[in-house]
Amino acid sequence: MKVLAILYKGGSAAEQEPRLLGTIENQLGIRDWLESQGHTLIVTDDKEGPNSVFQKNIVDADILITTPFHPGYLTGDLVSKAKNLKLCVTAGVGSDHIDLNACVDRKIQVLEVTGSNVVSVAEHVVMSILLLVRNFVPAHEMIERGDWMVSEVARNAFDLEGKVVGTLGAGRIGYRVLQRLLPFNCKELLYYDYAALPADAAKAVGARRVEDLKDFVSQCDVITINCPLHEGTRGLVNAELLKHVKKGAWIVNTARGAICDKDAIAEALKAGQINGYAGDVWNVQPAPKDHPWRTMKNPIGGGNGMVPHYSGTTLDAQARYAAGTKSILENFFNNKPQEPANVIVGIGKYETKAYGQR
Ligand code: NAD
């Protein structure tokens with residue numbers, strides 16, 4: 001079979017660090033194994049436009065492997081051109097870069113390595129909450145500049161203790177964030193999700209469900225976004241919703257950039273409606289050099305904790321999602337059942353409830 005993998009360029013880092021498995025250089029560690037079974041593997045990071053290696057090879061590929069970090073965008077148009085495509089594997093978690101509805105129609109299966117990087121992301125979320133609330137980035141930048149003016153950074157530094165933190169989406173990552181926040185003695189932990197947490201799980205973290213989104217955001221000092229991107233969440237955090245966010249709240253989004261309206265976020269931060277925004281996901285990846293989220297600041301010059309998409313691609317996570325990708329392929333080649341939790345789109349239907357209510 002022809003396997004096409006869209007991965008990110010690792011450069012000299014990938015040559016020096018073989019555990020950077022998700023790169024075009026280290027190829028998820030599956031080339032020798034695939035070739036020994038008679039399959040062909042094409043690996044590229046060239047993914048944009050009709051002349052890209054991705055678009056030229058998708059037409060006769062049987063299997064597509066992508067990652068959310070450098071997403072190969074499999075649009076409906078490309079799905080219709082991909083005559084042989086049977087399986088899409090997301091090496092990681094989050095398959096919104098694939099037109100899932102088109103895959104349902106064409107009976108192309110879409111699988112993720114569910115759970116492979118949820119701890120990695122939850123840790124990044126907790127770090128990002130702390131760096132915003134404590135005004136860490138401007139404090140560090142001051143030190144690098146050679147300056148020392150404590151009041152300039154202390155004027156916008158707070159404790160997380162006593163704050164209300166809410167997660168928009170309380171699945172694997174959202175719940176792990178709540179678990180990790182417990183020792184911080186927050187005033188309250190809230191969640192907004194169309195699926196209620198099991199009663200014992202909610203009780204274990206003391207989380208209260210808020211069923212109305214405006215009501216939810218109006219109560220949170222910190223909002224952490226942990227739901228997938230789908231028709232029901234694209235642009236969910238927009239200018240209208242931001243009006244209901246508590247003034248001076250902090251937002252951390254490690255879910256998907258397009259859940260938040262790019263310009264509305266930049267405006268709200270600039271105006272001080274929100275005090276900070278952090279995360280690693282962007283509406284287009286790689287983010288253009290002039291993307292407002294790279295440099296946006298609150299009125300006193302801080303509140304930006306943006307980084308490239310890497311929270312879910314720690315070396316620990318890469319080992320897990322590379323192994324998980326291999327195991328999905330093995331099951332596919334040998335006609336064995338897949339782990340049910342990994343199946344986003346089965347043959348002709350969604351197998352998960354996380355990508356919207358249908
Ligand atoms: P999950 O399926 O375990 O949980 C998702 C939760 O979101 C579910 O409980 C679902 O009911 C809820 N949800 C869906 N639509 C919603 C809506 N409209 N409103 C409220 N809640 C809604 O998934 P997970 O493993 O926790 O991952 C969540 C997302 O995080 C992924 O889909 C992906 O986009 C993102 N992610 C990012 C990285 C990264 O590196 N930044 C890594 C992994 C996952």
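Author: The ligand is surrounded by 30 residues, each with a heavy atom within 4 Å of it; the closest are Arg-172, Ile-173, Asp-193, His-230 and Thr-254. This is a predicted model, in which local features need pLDDT of at least 70 and side-chain atom pairs count only at pLDDT 80 or more, while totals for chains, interfaces and linings use all residues. Residues are numbered from 1 along each chain as its sequence is written, and side-chain values use heavy atoms, with hydrogens and water left out.

Polar contacts here are pairs of N or O atoms within 3.5 Å. A polar side-chain atom of Arg-172 is placed 2.9 Å from a ligand oxygen atom. His-230 brings a polar side-chain atom to 2.9 Å from a nitrogen atom of the ligand, whereas Thr-254 uses a backbone N or O atom, 2.9 Å from a ligand nitrogen atom. The protein covers 93% of the 860 Å² of accessible area that the ligand has on its own (Shrake-Rupley method, 1.4 Å probe).

The space that the ligand takes is the largest pocket, a pocket being an open set of points on a 1 Å grid over the protein atoms alone, where a 1.4 Å probe fits, with protein on both sides within 12 Å along at least five of seven lines. Helix H6 (118-133) and helix H9 (172-181) are the elements that give two or more residues to the shell; helices are DSSP runs (H or I) of at least four residues. By class, the shell holds 15 nonpolar, 11 polar and 4 charged residues, with Gly counted as polar and Asp, Glu, Lys and Arg as charged.

Domain 1 (2-112 + 314-348) and domain 2 (118-306) both contribute residues to this shell, so the ligand lies between them.

Conventions. Polar contact = N/O pair within 3.5 Å; in protein donor to acceptor, adjacent residues only side chain to side chain. 1 Å grid on protein atoms, 1.4 Å probe; cavity = no way out; pocket = protein on both sides within 12 Å on 5 of 7 lines; lining within 4 Å. Sits in = over half its atoms within 2 Å of the grid points. Domains from an automatic or database assignment.
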